[in-house]
Amino acid sequence: MKKGLVMEGGAMRGMFTAGVCDVLLENGISFDGAIGVSAGATFGCNFKSKQIGRAIRYNKRFSHDWRYCSFRSLLLTGDLYGADFCYNVLPNKLDLFDYETYRSNPLAFYAVASDCKTGKPVYKELKTCDESDLTWMRASASMPLVSRVVKIDGYELLDGGMTDSIPLKAFEEMGYEKNLVILTQPKCFVKEPSSALKFMKFSLRKYPRLFEAMLHRHEMYNSQKEYVFAQEAAEKAMVICPSESLGISRTENNPDELQRVYDLGRLAAQEKLPRIREFLTPNS
């Protein structure tokens with residue numbers, strides 16, 4: 001039975017996911033595969049490279065660096081989160097990514113991006129985290145309105161959360177039968193239609209199918225969350241999520257706030273460790 005790790009996005013709510021993942025690593029919890037959406041991919045890749053503490057470390061260190069995330073970056077580069085800084089300078093010069101461990105780890109790692117032309121999700125296995133894989137990862141986290149469309153392998157891509165926010169069903173269809181799902185919203189959260197739809201209609205005018213997906217994104221998200229908890233009730237999935245809203249901005253740059261949310265993720269994982277072990281044990 002293949003065991004999977006499913007990681008929702010949510011920009012800086014992803015510090016919660018980073019905290020959960022670090023506790024899993026510290027306790028030797030392993031999976032056959034993992035899939036991340038947006039921040040679930042960009043922070044979750046550190047699970048495959050086994051770099052405990054890296055996500056919280058570099059986010060705190062560079063939270064006020066305009067090259068990492070700022071309106072200055074948006075104006076100068078077209079991306080709120082600077083593409084060259086985040087996916088080249090940072091992992092290759094400033095807080096080194098462990099490519100060797102990533103590539104030797106047998107865990108299969110997938111990122112979800114949204115196909116701008118079809119309005120459908122695309123699932124890409126990132127085997128080496130080379131430049132191409134990092135571009136796919138960037139695509140997965142390229143939020144609409146504040147990111148350029150990412151062009152690679154014949155696709156035009158944006159944030160995976162636009163078309164598959166919680167890819168549990170997709171991972172099950174890939175053969176992962178027992179999945180630990182990390183959500184960055186509480187169980188009681190109900191998504192409402194985006195308040196930015198009128199701006200997105202203009203921004204996505206070249207991509208009507210993706211805009212159509214955004215019109216119904218809240219319905220998709222709420223349906224997926226309902227499915228996740230139904231699978232948990234059926235003992236086919238286990239969910240780790242905040243007990244209440246994390247209360248953090250998607251672009252939070254206060255190191256203390258980042259640490260607070262990271263610590264909440266650690267606490268949630270620590271409290272459920274015995275149950276996690278039991279759930280992932282064969283024949284349990």
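The following conversation goes through a predicted model and asks what stands behind the words used for it.

Biologist: What makes the chain as compact as a globular protein of its length?

Modeller: The chain has 13 helices and eight strands. Its radius of gyration is 17 Å, which is close to the 19 Å that the globule rule gives for 284 residues, and so the chain is described as being as compact as a globular protein of that length. Taken along the principal axes, the box filled by the C-alpha atoms is roughly 50 × 40 × 35 Å. Of the 284 residues, 58% count as buried, and 75% of the contacts with a separation of 6 or more come from residues 24 or more positions apart.

Biologist: Why is P167 called buried?

Modeller: The relative accessibility of P167 is 1%, and the word buried is used for values under 20%, so P167 falls under that cut-off and counts as buried. P167 sits in the loop between β6 and α9 (168-173).

Biologist: Which residues are in contact with P167, once its neighbours within four places in sequence are left aside?

Modeller: They are V6, I35, V37, V112 and Y123, where contact asks for heavy atoms within 4.5 Å. For I35, which is 132 residues from P167 along the chain, the separation of the two C-alpha atoms is 7.6 Å.

Biologist: How do you know that the buried residues of α11 are on the same side of the helix?

Modeller: In α11, which covers residues 208-215, the buried residues are L210, F211, A213 and M214. They cover an arc of only 155° around the axis, and this puts them on the same side of α11. On the face turned away from the buried side of α11 are the exposed residues P208 and R209, exposed being the word for a relative accessible area over 50%.

Biologist: What is the volume of the largest pocket, and which residues are closest to its centre?

Modeller: The largest pocket holds about 950 Å³ of space. It is lined by 41 residues, and those closest to its centre are R13, M143, K191, R217 and R250. The elements that give two or more residues to this lining are α10, α11 and α12, and α12 gives the most, with three residues. By class, the lining of the largest pocket has 19 nonpolar, 15 polar and seven charged residues.

Biologist: Which helix gives the largest share of the lining of the second largest pocket?

Modeller: That helix is α13 (residues 255-280), with six residues. The second largest pocket has a volume of about 220 Å³ and is lined by 14 residues, among which C241, P242, S243, L264 and A268 lie nearest its centre. Its lining is made up of eight nonpolar, two polar and four charged residues.

Biologist: Which residues line the second largest cavity?

Modeller: The second largest cavity, with about 40 Å³ of space, is lined by A18, C21, D22, F43, G44, N46, F47 and A55. The elements that give two or more residues to it are α1 (14-26) and α3 (45-48), and α1 provides the largest share, three residues. By class, five of the lining residues are nonpolar, two are polar and one is charged.

Notes: Residues are numbered from 1 along each chain as its sequence is written. This is a predicted model: local features need pLDDT of at least 70, side-chain atom pairs count only at pLDDT 80 or more; totals for chains, interfaces and linings use all residues. Side-chain values use heavy atoms; hydrogens and water are left out. Buried means under 20% relative accessible area, exposed over 50%, partly exposed in between (1.4 Å probe, protein chains only). Helices (H or I, at least four residues) and strands (E, at least two) are DSSP runs, numbered from the N terminus. The arc is that of the directions from the helix axis to the C-beta atoms. On a 1 Å grid over the protein atoms alone, a cavity is a set of points where a 1.4 Å probe fits but cannot get out, and a pocket is an open set with protein on both sides within 12 Å along at least five of seven lines; lining residues have an atom within 4 Å of a point. Grid points are joined across faces, edges and corners, and a volume is the space filled by probe spheres set on the points. Ala, Val, Leu, Ile, Met, Phe, Trp, Tyr, Cys and Pro count as nonpolar, Asp, Glu, Lys and Arg as charged, and the others, Gly among them, as polar. The radius of gyration is taken over C-alpha atoms; the globule rule is 2.2 Å times the number of residues to the power 0.38.
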